[in-house]
Amino acid sequence: MNEKKINQTAELLKVIAHPARLKILLLLADQGPRNVSALQEELQLEQSLLSHHLIKLKDKGVLICQRRGKEMHYEVNNTLLEKLIHLLSERIDQEPVAAA
């Protein structure tokens with residue numbers, strides 16, 4: 001096993017494990033690129049908190065952003081990660097929450 005790849009994958013999973021970041025990723029994977037205003041409206045997050053999470057996701061390579069006029073649009077970086085997010089989404093929709 002490649003320890004470097006395992007550590008990189010663990011870091012990636014840590015970054016997406018936050019509930020707000022997971023919501024962002026699920027929305028983008030499901031509905032496609034969005035600007036900050038659209039994300040804020042759909043997720044009901046404060047702009048500063050949303051920006052914080054977007055920066056973390058972008059810095060780790062999970063999201064890419066493209067300028068469209070005056071706006072930045074965010075989207076999931078690659079199809080493998082998008083497939084993972086869709087699988088997680090299906091699990092969230094289907095599995096009952098286990099008691100802790």
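Two strands count as paired if DSSP finds at least two bridges between them. Helices (H or I, at least four residues) and strands (E, at least two) are DSSP runs, numbered from the N terminus. The model is predicted: local features need pLDDT of at least 70, side-chain atom pairs count only at pLDDT 80 or more, and totals for chains, interfaces and linings use all residues. Residues are numbered from 1 along each chain as its sequence is written, and side-chain values use heavy atoms, without hydrogens and water.

β2 and β3 form a hairpin with two residues between the strands. Gly69 in this hairpin takes a positive phi near 70°. Six bridges join β2 to β3 (residues 71–76) in the antiparallel sense. Ile64 stands opposite Glu75 in β3, and Leu63 has Val76 as its bridge partner.

β3 also pairs with β1, antiparallel, over two bridges.

The largest nonpolar core has 23 residues. Such a core is a set of buried Ala, Val, Leu, Ile, Met, Phe, Trp, Tyr and Cys residues joined through side-chain atoms within 4.5 Å; buried means under 20% relative accessible area (1.4 Å probe, protein chains only). Leu63 and Val76 are among those with the most contacts inside the core. α2 (19–31) gives the most, eight residues.

Terms used: Buried means under 20% relative accessible area, exposed over 50%, partly exposed in between (1.4 Å probe, protein chains only).
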